[in-house]
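Hello,

Here is the structure I said I would pass on. Please open it first, then read the notes below it.

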Amino acid sequence: MRFKVGDTVVYPSQGVSVVEDISKEVFAGTEMKCYHLRLVGSDSKVMVPVDNSERVGLRPLSEKKQVKKVMRRLKAAEGENAEDWKDRYRANLDRIKTGDLDEIVDVLLCLAEVASRKTLSFRERKMYDHARQLLVNEVAIVDKRDAGKVEQQVEDALGHVVKVDDE
């Protein structure tokens, strides 16, 4: 899939980005066409070779229909949970890396369920916050809504503020 300057895309595990430029760059003596992305959440800049964009999972924003579906699912609190924190952390990290909204919701539901039973570790709290930001940013842009309101809707759906332990 090819993008053009001005397109809003999702860079898995980094979040919503804007294609600010497409130019030829030279790396290790090889010329390649690159997307210059600005990450919406942090204003950081990233370059992705056009030929690697599919491999890294660069994708267009989700459709409104998909956003509505994942928000309904979040409210319904359908989730699954691995008991061992190491397995759960690894599985959730893999889910985030896909960049798929359904997978991001799975991470949020999993960690919210764990937090209902016990305090999250520092790492899991950080992962929870990251997954929440990924979801909030994409939903806000797709629905053309204020990110603060979307964040409140997500927190309301999850039903509580997640506590954290220091590791």
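**What was found**

Ser-13 sits in the loop between E1 and strand E2 (15–27). Keep in mind from the start that this is a predicted model.

Most residues other than glycine have a negative phi. Is Ser-13 buried, exposed or partly exposed? The relative accessible area of Ser-13 is 22%, which means that Ser-13 is partly exposed, since buried would require a value under 20%.

Asp-43 is another residue other than glycine with a positive phi, in this case near 65°. Asp-43 is found in the loop between E3 and strand E4 (45–49). With a relative accessible area of 49%, Asp-43 is partly exposed, because exposed is kept for values over 50%.

Next, the aromatic rings. How many aromatic pairs does the structure hold? There is one. Phe-3 and Tyr-35 form this pair, with 5.8 Å from centre to centre and 65° between the planes, an edge-to-face arrangement. The angle counts as edge-to-face because it is over 60 degrees. The pair links distant parts of the chain: Phe-3 belongs to the segment before strand E1 (8–11), Tyr-35 belongs to strand E3 (residues 30–39), and 32 residues separate them. Phe-3 has a relative accessibility of 9%, so Phe-3 counts as buried. Tyr-35 has a relative accessibility of 1% and therefore counts as buried too.

Then there are the helices. Two packed helices are described by the angle between their axes and the distance between the axes. Two such contacts are described here, one after the other.

For helix H3 (residues 85–98) and helix H4 (residues 101–117), the axes come within 8 Å and cross at roughly 150°. How are H3 and H4 oriented to each other? They are roughly antiparallel, because the angle is over 145 degrees. Their crossing is left-handed. On the H3 side the contact involves Arg-88, Asn-92, Arg-95, Ile-96 and Thr-98, and on the H4 side Glu-103, Ile-104, Asp-106, Val-107, Cys-110, Leu-111 and Val-114. Sorted by class, the residues of this contact are six nonpolar, two polar and four charged.

Helix H4 also contains Arg-117. Arg-117 has a relative accessible area of 44% and so is partly exposed. From Arg-117 to Asp-87 there are 30 residues in sequence and 17 Å in space, taken C-alpha to C-alpha.

The other contact joins helix H5 (residues 122–143) and helix H6 (residues 147–158), which pack at an angle of about 125° with their axes 9 Å apart. H5 and H6 are therefore oblique to each other. The crossing of H5 with H6 is right-handed. From H5 the contact takes in Tyr-128, Arg-132, Gln-133, Leu-135, Val-136, Val-139 and Ala-140, and from H6 Ala-147, Val-150, Glu-151, Val-154, Glu-155 and Leu-158. In this contact nine residues are nonpolar, one is polar and three are charged.

If you want a place to start in the viewer, select Phe-3 and Tyr-35 and look at the angle between their rings. After that, compare the crossing of H3 and H4, which is left-handed, with that of H5 and H6, which is right-handed.

Regards

Definitions and conventions
Residues numbered from 1 in each chain as written. Predicted model: local features only at pLDDT ≥ 70, side-chain atom pairs only at ≥ 80, totals over all residues. Heavy atoms only, no water. Phe/Tyr/Trp six-rings, centres within 6.5 Å; stacked < 30°, edge-to-face > 60°. Helix = DSSP H or I, 4+ residues; strand = E, 2+ residues; numbered from the N terminus. Buried < 20%, exposed > 50% of the residue type's maximum accessible area, 1.4 Å probe, protein only. Axes fitted to C-alpha atoms, helices over the stretch in contact; angles between N-to-C directions. Parallel < 35°, antiparallel > 145°, perpendicular 65-115°, else oblique. Left-handed = near helix turned anticlockwise from the far one by under 90°. Contact = heavy atoms within 4.5 Å. Nonpolar A, V, L, I, M, F, W, Y, C, P; charged D, E, K, R; others polar.
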